[in-house]
Amino acid sequence: MRAAVFLGPNEMELRDVSRPEPGPGDVLIKVAACAVCGTDLRILSGGKTRGVVPPRVLGHEIAGEIIALGEGAERFTDLTPGRRVTMAPGIPCLACRFCNTGSENLCRNRSALGYSYDGGFAEYMVVPAVGVARGILFPIPDGLSYEEASLAEPLACVVNGQRKSKIHLGDGVLVIGAGPIGLMHLQLARSAGARTVVVSEPNAPRRALAGELGATRTVDPTKEDLAEIIHAATDDDGADVVIAAIGVPTLVNQLLEVTRPGGRVNLFAGYSGAGEATISANLIHYGELVVTGTSACTRDTFRTALNLMQSGQVDVSSLASHRFPLDQVQTAFETTRSGAGLRVVVTH
Ligand SMILES: [Zn+2]
Ligand SMILES: [Zn+2]
């Protein structure tokens, strides 16, 4: 079979490798769709490895079909060959204090598909027995395509961020960035009952899509004064909740400035390098701001994401802008890097 193998910084090669065999408890998957995540780009560029040791097949936003169960796997899953599945890539240890207090995404001993195990940029992949036993495989609900199901993982991370952002009925929300992640936050903020959702995004087509997906106001931050617009939209108080869906350190202080006293800021997107930002700590102190981050997802937010997609509360199909076959995985990565589209999906 063919697989895109990450060999080291800026080196990924499409190779013929032998098809993996499912060992005891494993599940063999024929990959149908695997979306390219910003994290994949950071790993490939050598910036962020999170336990990735080359050679490794990347890709953690995966949907496919079960081809075979390894010996004994049926004791841990009801899913059988022929079922369409997607998967929460993180495998929690279930023993550490984080796993035992509802924060398995922060598990100290976490392993993950596409990081410590081979992922979805290949024709076939194996879900290891430990993941099968911990319930990371989910059947794809009827009516959802493989491509849509591959976006359950980013949506599950967004659900995690939304829970930390605690949007209430009637809130004024600001989302920074209208990439696929920002557009998911926008839709969930509307679902959560926000009165206004302002979306700031310099790219015009992305801004237009934000308008179609329910933004009450879109802002071009290169031409308009974001602070002025937020104050006008919130009776001068500032936003109740601000969500940063792009990781630009120099923006952080500006986000604190447009948050109302007692409001919440979620630094959802990751920052490259050390991610150092200069902030006025008094904005947090006197404003009693609550600043949170978000990292990855849990099996619970994954299940919620699939439910939200099936019910139609979140439209992810308009967020997949490009499709490439596995042979063009490099182009898929370059397209993601260029920012030309939204989510880029490698399909089979
Ligand atoms: Zn991802
Ligand atoms: Zn753990």
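The exercises below, each with a worked solution, concern a predicted model.

**Exercise 1.** Determine which residues coordinate the zinc ion (ligand 1) and how they are spaced along the chain.

Solution. Start from the metal. The zinc ion (ligand 1) has Cys37 (SG), His60 (NE2) and Glu61 (OE) as its coordinating atoms, at 2.2 to 2.5 Å.

**Exercise 2.** Classify Cys37, Glu61 and His60 as buried or exposed.

Solution. The cut-off needed is that a residue under 20% relative accessible area is buried. Cys37, at 10% relative accessibility, therefore counts as buried. Glu61 has a relative accessible area of 0% and is buried. His60, with a relative accessible area of 2%, is buried as well.

**Exercise 3.** Locate His60 and list its contacts, leaving out residues up to four places away in sequence.

Solution. His60 lies in the loop between strand E4 (56-57) and E5. With those sequence neighbours excluded, His60 touches Cys34, Cys37, Thr39, Asp40, Pro89, Leu113, Tyr115 and Glu153. One of these, Cys37, is also a zinc donor, and another, Glu153, is among the buried residues of H4.

**Exercise 4.** Compare the span of helix H4 (residues 152-165) with the expected value, and state how far H4 is enclosed.

Solution. H4 has 14 residues. From its first C-alpha to its last it reaches 19 Å, close to the 20 Å expected at 1.5 Å a residue. Of the 14 residues, 12 are buried, so H4 is largely enclosed by the rest of the structure. The buried set includes Glu153, Asn160 and Gln162. Just after H4, Lys166 takes a positive phi of about 50°.

**Exercise 5.** Describe the nonpolar cores and the surroundings of Leu183.

Solution. The largest nonpolar core has 88 residues. Those with the most contacts inside it are Ile29, Phe121, Val127, Leu137, Leu155 and Leu183. Leu183 touches residues including Ala178, Arg206, Leu209, Leu319 and Leu342, not counting those up to four places away in sequence. A second, separate core of 15 residues includes Leu174, Val219, Ala244 and Val258.

Methods
Residues numbered from 1 in each chain as written. Chains lettered and ligands numbered in written order. Predicted model: local features only at pLDDT ≥ 70, side-chain atom pairs only at ≥ 80, totals over all residues. Heavy atoms only, no water. Donors = N, O, S within 2.8 Å, 3.2 Å for Na, K, Ca; no water. Buried < 20%, exposed > 50% of the residue type's maximum accessible area, 1.4 Å probe, protein only. Helix = DSSP H or I, 4+ residues; strand = E, 2+ residues; numbered from the N terminus. Expected span 1.5 Å × (residues − 1). Contact = heavy atoms within 4.5 Å. Core = buried A, V, L, I, M, F, W, Y, C linked by side-chain atoms within 4.5 Å.
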